[in-house]
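Hello,

Here is the structure I promised to pass on. My notes follow below it, so please have a look at both when you get a moment.

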2 protein chains.
Amino acid sequence: LAGYFADRLAAAIRDRGTCAVVGIDPVYERLPAELAAAGGQRPTPRRAVDVIGTFCRGVIDVVAPLAPVVKINSAFFEAFYGAGVDLYYDLTEYAHRRGLLVIGDVKRGDIGSTAELYARAHLAPPGASGVDPARIPDAVTLAGYLGRGAVRPFIDVARETGKGMFVLVRPSDPGADEVHEYAGADQTRFYQFMAARVRAWGEGLVGECGYSNVGAVVAAKDAESTRALRAAMPQTLFLVPGYGAQGATAESCRACFREDGSGAVVNASRSVIFAYEKPGATERFGDDWRGAIEQACREFVADLASMFDR
Amino acid sequence: LAGYFADRLAAAIRDRGTCAVVGIDPVYERLPAELAAAGGQRPTPRRAVDVIGTFCRGVIDVVAPLAPVVKINSAFFEAFYGAGVDLYYDLTEYAHRRGLLVIGDVKRGDIGSTAELYARAHLAPPGASGVDPARIPDAVTLAGYLGRGAVRPFIDVARETGKGMFVLVRPSDPGADEVHEYAGADQTRFYQFMAARVRAWGEGLVGECGYSNVGAVVAAKDAESTRALRAAMPQTLFLVPGYGAQGATAESCRACFREDGSGAVVNASRSVIFAYEKPGATERFGDDWRGAIEQACREFVADLASMFDR
């Protein structure tokens, strides 16, 4: 095994002094005025991709010294077809060159042979398709609802290359409760059942840091149920979505961590990358959208730090 | 609503006289010798994509007069990054020009704002990104495990454009039973619970044919449980995977249909598109891989027809 994603992540968190993850979910219609003007009102997909690329590289430049990880959301790039997908991989390489780890937020989940191809696309086993390894994320998000077979090809690549994954256990959207709060015959909820699966899938892939390369996406909901998940998955890294725009606060995130402060990374997307839209931002930063994003990123990092003092 | 996918599908099934769906899951290493020689042993992604494109267009040419629908599996194209994704859309357009309906097999599933972008990418609301509508599939496969919010953006596009979707209810891989046979407190299995969700999501989108634009992926397992699903989702079109290579037979598929023979389409992928690999195929067809695929497609259609006679 070529190192563990979990160990590389732990080292990066120590180095930057924060477990903040900045999510890159760019929307053309929300780009800073300067970039929107350059792209025009009804750009071709390729023109839109050029401008979005400029914006995302700007975000990465700002974030690189402050945070250990960026999460790049595939959907926002797939919306621009092949050119958008190429940009997704371009940005992965760009972030790597800036010293960031990259989580590819792809949420893929399919059966056997199809899962193998998804693993090839998104974690790229060595030499699979003549692609530069720097263009491939260090970890991906996955849906595990089709069972171990859907995840195994990713685990196989992880075993070979030391890459990682975060499997959906408890999504942040309240609408997902419709399925995840489904009550099982054994008094467990569906998300608790999925937690047990993910814990099992991650055994044998635990790094020196004490965590597995198979992590979980766990939204910070009420503290009690979150603490129960933390206890049920002691060696599982949590990727906590929903900070900022989706409503999770630093306080509700605390239960995702072990007492020693390890065990989770926390993602904020829109509240950071669209910070120039906030009330007062124009007065303070004018056209300096990078400055507004930097300020929001620093506040996000400070807020996470403060939760360990409370 | 600009027509119903369910009605267009019903018309195409009547026209071709079969509910056969041919799944396009191309694998570079399994291409016919003639094409593999043209591509070389370690092709660049772009070179591989060229050769795979030639193969897939050949498959579509053969299938177009025989079947109403092709299902194009995104994973097999994503494995070649942006160039592969462009080919996925190229082939969608090519199949449309040959008079086929196209199901984009993408199995996407994510929360709210991300789901909106996935819907934009994969069902393309009119004018969204300056893309030619012929390049966009008529329907997609989805994962509904994140609840109604994950499916709603697709339903919104379906309402506006008459497109369709098939939501995973019972995958064909036995490994998926690990999750789908999870027993609920109310004596239902998880797949039955999902069936009830999908039925509810499809209400209000029922076409003249009596079926909704929100269909379900339902593997043909034992006849009894399949009949129960058919009864539980009376207005839901089933996309039945796993015919041929994945083990479902025409007989086990019968329970997916209403008595009148409507209500399902049945997919075969590898058993048709790789038919030239079968024992005896070289003796019979020589290098004529198109001939072998045509024969396999005709046998698939005949086998489906015969199940209604038994």
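**Around A:Ala183**

Setting aside neighbours within four places in sequence, A:Ala183 makes contact with A:Thr188 and A:Arg189 in chain A, and with B:Tyr182, B:Gly184 and B:Ala185 in chain B. Please keep in mind as you read that this is a predicted model. A:Ala183 sits in the loop that runs between α8 (177-180) and α9 (190-201) of chain A. With a relative accessibility of 30%, A:Ala183 counts as partly exposed. From A:Ala183 to A:Phe193 there are 10 residues in sequence, and their C-alpha atoms are 9.8 Å apart in space.

**Chain A as a whole**

Stepping back, chain A contains 14 helices and 8 strands. Its radius of gyration is 19 Å, close to the 19 Å given by the globule rule for 310 residues, so chain A is as compact as a globular protein of that length. The C-alpha trace of chain A spans about 55 × 50 × 40 Å along its principal axes.

Of the 310 residues in chain A, 62% count as buried. If you take the contacts in chain A with a separation of 6 or more, 74% of them are between residues 24 or more positions apart. The accessible surface of chain A is about 11100 Å², and carbon and sulfur atoms contribute 49% of that. As for charge, chain A carries 34 positive and 38 negative side chains, and the centres of these two sets are 2 Å apart.

**Cysteines**

The cut-off for a disulfide here is a pair of cysteine sulfur atoms within 2.5 Å. In chain B, the closest cysteine sulfur to that of B:Cys56 belongs to B:Cys297, and at 15 Å it is too far for a bond. A:Cys253 is buried, with a relative accessible area of 0%, and B:Cys56 also counts as buried, at 0% relative accessibility.

**Thr236 in the two chains**

I looked at this residue in both chains. A:Thr236 is in the loop between α10 (223-232) and β7 (238-243) of chain A, and B:Thr236 is in the loop between α10 (223-232) and β7 (238-243) of chain B. A:Thr236 is buried, with a relative accessible area of 3%; B:Thr236 is buried with a value of 3%.

Which residues does A:Thr236 contact, leaving aside those within four places in sequence? They are A:Val198, A:Arg199, A:Tyr211, A:Val214, A:Gly215, A:Ala216, A:Arg230 and A:Gly263. For B:Thr236, with its neighbours within four places again left out, the contacts include B:Val198, B:Arg199, B:Tyr211, B:Arg230 and B:Gly263. B:Thr236 and B:Gly82 are 154 residues apart in sequence, with 34 Å between their C-alpha atoms.

**A:Ala6 in the opening helix**

A:Ala6 belongs to helix α1 (residues 5-16) of chain A. Is A:Ala6 buried or exposed? A:Ala6 is buried, with a relative accessible area of 1%. Beyond its neighbours within four places in sequence, A:Ala6 is in contact with A:Cys209, A:Tyr211, A:Ser212, A:Asn213 and A:Leu237. A:Tyr211 is also one of the contacts of A:Thr236. The C-alpha atoms of A:Ala6 and A:Ala20, which are 14 residues apart along the chain, are separated by 15 Å.

**Two positive phi values in chain B**

Most residues other than glycine have a negative phi. B:Lys107 has a phi near 50°, a positive value in a residue other than glycine. B:Lys107 lies in strand β3 (residues 101-108) of chain B, and at 10% relative accessibility B:Lys107 counts as buried.

The other is B:Gln187, where phi is near 75°, again positive in a residue other than glycine. B:Gln187 is found in the loop between α8 (177-180) and α9 (190-201) of chain B. B:Gln187 is exposed, with a relative accessible area of 74%.

Happy to talk any of this through.

Best wishes

Terms used. Residues numbered from 1 in each chain as written. Chains lettered and ligands numbered in written order. Predicted model: local features only at pLDDT ≥ 70, side-chain atom pairs only at ≥ 80, totals over all residues. Heavy atoms only, no water. Buried < 20%, exposed > 50% of the residue type's maximum accessible area, 1.4 Å probe, protein only. Helix = DSSP H or I, 4+ residues; strand = E, 2+ residues; numbered from the N terminus. Rg over C-alpha atoms; globule rule 2.2 N^0.38 Å. Contact = heavy atoms within 4.5 Å. Areas by Shrake-Rupley, 256 points an atom, 1.4 Å probe, with all protein chains shown as cover. Lys, Arg positive; Asp, Glu negative; His and termini not counted. Charge placed at Lys NZ, Arg CZ, Asp CG, Glu CD.
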